[in-house]
Amino acid sequence: MTNTSIIDKLKRTKILDLLKEGKRIDDRALDEHRPLVIDTGVIPHANGSARARLGDTEIVSGIKVQPDRPFPDMGDKGIFICTAEILPLAHPSAETGPPQPDVIELARVVDRGIRESGMIDLSQMVLEKDKSVIGLFADNVVTDHDGNLFDTCSYAAVAAIITSKIPKWEMKDDKPVLIENQESDTPITTIPISVTMGRIDDFIIADPNIDEWECLDARITITTNSDGNIVALQKGGNNGFTLDQIVKCSEISISSGSKIREIIKQATQSN
Amino acid sequence: MKKFESKKRYVTPGDVITTSPLRLKENVILNGKRIMSTCTGLSDIFGDSVRVIPLTGVYLPKIDDLVIGKIISVSSSAWFADINSCYEGMLFGQEVFGRGSYPTLDDMKSRLDIGDLIAARIANFDRTREPLITISGQDLGKIDSGELVKISPTKVPRLIGKQGSMIQTIEGSTNSSITIGQNGWVIVSNDETNGLLKAIDAIRLVDEQAHVANLTDKVNKMFEFEGGK
Amino acid sequence: MGGRKSDLVLLDENGIRCDGRKVNETRKIIIKTGVLKNADGSAYIEFGGNKILAGVFGPRDIHPKHMADTNTGVLRVRYHMEPFSVGERKNPAPSRREIEISKVIKEALQPAVILEKFPRTVVDVFLEILQADGGTRCAALDAASVALADAGIPMKDMVCACAAGKAGDALILDVNNEEDQAGQADMPIGYMPNLGKITLLQLDGVLTPDEFKKCVELGIQGCKQVYEIQKKALREKYFSNEGNS
């Protein structure tokens, strides 16, 4: 999505004035996320799926699982690939065509948060070492853009992965053959939760909506795992953070992270 | 044929309103003898004419309409404003600085800059170019203060009310000053925060329920406990 | 086309199809409108196992500029399938099939939309297939019409769509995925119900001239059924406050 929207002076002034009073346009606390709603199994024909709504931002994640060749130097591990697309119906300035740098960054940041946490035990997704492994694809599509795609996308993908099922294949004559009706749960070791924060002047706000997003000086996405440890991190935007600000962000990512982890656990257990 | 001539009816695109030979006004077309709606709205037979009042759709500029706009670009000859339409409003520098003047870009920006809100009138609109707007006129020009509230352009007539009754009720009960653009953008001014918020709430209520019966009662109820100001 | 599962009974001796339907019965259809915050108009449809989201922007400024028409607004349609929408994961890049269907749907909507009042603008229709289950182009066209009406784009008529076909030697309404793969003919139809015009028509398979005529008639019946559901979706969003419709 190219940034053709004009930076609204009035809007930025209004947001900053509110922040000086400790408030935000939608009455949230500075470190508060918008309401999060997760529905799983929304695409029943896929191996797993979820729709995440964070405020008015909405993303659908679909999981496809199929046999694949392993990566050359990782013959004993399954494959995990994460993609993202901002659908043109999500926002008036969303464009069709090959993915722009911001969407590619989105996919890679969400991917890393999940991969680096070791969420999926890829060693349990091998059919025949060095020859045939199981590939899990998480394809994420943004259907409505109201800011903070990083978190929304991550929550949708994580919920979809937790509730997805891996079919059973057996090797016959060097080829994987599907054995019907013998699905198993995806091997999950931890639940990574991403928390995105932005800086406007000296104020740190969590889960910026689209109005706030357009006024940010800098942003950071921090992913924590179920043990409360930090597993992935990405700073973006054209300005910087002080060390104190980064530390504050890491604290928010842990406290908000554990709250959101509970929401996702609830949403994925009722499946 | 059902006799619904005298009643307003909800219609969707393609719905046949009547086969009587009436004059075609807004949002209807003739197919053979059938007069059909081209949009989602309320069909309205008035006198010997028929139209459909739309419940959704973009604002299309009409000459003399009052609109609220936001400047989105400046050159040395003109400003372009977002007027919540599929076309941008064009305001010539010469219109503001005088005929035969040659303002510099800085001159233009110091008068009106990107992000400024203006109250303007549609001066001219033809099919070949962007609508021309003017800010010469009473109560037109840069808006210095007030909240911008956006409603659907199709709800503007209801917000104004019969002979201004609805908007006068809201202004009077909250002590606010309200400027309604035909393009659905509305400026609400009030020194007092409470009154300001009440006025904005009332405007939003009209936006949500413009075509519900007893909307006027609902709005009056909102102000009942205020005890008037 | 061509047979796949030879043990799949497309039509049994009681005239019941492989998914339990009678020959002139459509699958379950649900349409909701106004489901997206940013789009000017939107609709979501579930047509059997198809799940499709439609979003409309416009009339709006057109890019690239050279595509602008000085006399009228321009209609653009993009039909796109998500990677997870089909059995084997699909590459996100647009396929030739998607490009053709985009064109066919655009040409089905063009006769209905009235864009002369909006020269030099574009109306964009985005159709996203979240889950495919046979007959996506018809379901997508159904959602597109509702999304256009939701956006307030002036239209001469709605466009409704449904496929008819032949399987197990019988003419059937609303061909599902299995019937599409293993049956004898599949004919998607797009129809303007009040003007009585067919604006989308394609055929895969073999029909006698008599079967062809009956199949089109059957399909139009199906289209009219969908039209009622399209109207219901608009009524629910716009007219429900009043209580009468």
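## Two helices in chain C

In chain C, the axes of helix α2 (residues 136–151) and helix α4 (residues 209–238) come within 10 Å and cross at roughly 30°. That makes α2(C) roughly parallel to α4(C), a label for angles under 35 degrees. Helices here are DSSP runs (H or I, at least four residues), numbered from the N terminus. The model is predicted, so local features need pLDDT of at least 70 and side-chain atom pairs pLDDT 80 or more, while totals for chains, interfaces and linings use all residues. Residues are numbered from 1 along each chain, chains are lettered from A, and side-chain values use heavy atoms, without hydrogens and water.

Who touches whom? From α2(C), D142(C), S145(C), V146(C), A149(C) and D150(C) meet V226(C), Q230(C), A233(C), L234(C), K237(C) and Y238(C) in α4(C); contact means heavy atoms within 4.5 Å. These residues split into six nonpolar, two polar and three charged.

## Chain C with chain B

Here 32 residues of chain C are in contact with 30 residues of chain B. Together the two chains bury about 2400 Å², with 56% of it on carbon and sulfur atoms (accessible area, 1.4 Å probe, lost on being put together and summed over both parts).

There is one salt bridge between chain C and chain B, meaning a Lys or Arg side-chain nitrogen within 4 Å of an Asp or Glu carboxyl oxygen. R120(C) pairs with E130(B), the closest N and O atoms being 3.1 Å apart.

## Chain C with chain A

Chain C and chain A bury about 2200 Å², 61% of it on carbon and sulfur atoms. The count of salt bridges between chain C and chain A is four. K37(C) forms a salt bridge with D56(A), with the closest N and O atoms 4.0 Å apart.

Key
Axes fitted to C-alpha atoms, helices over the stretch in contact; angles between N-to-C directions. Parallel < 35°, antiparallel > 145°, perpendicular 65-115°, else oblique. Nonpolar A, V, L, I, M, F, W, Y, C, P; charged D, E, K, R; others polar.
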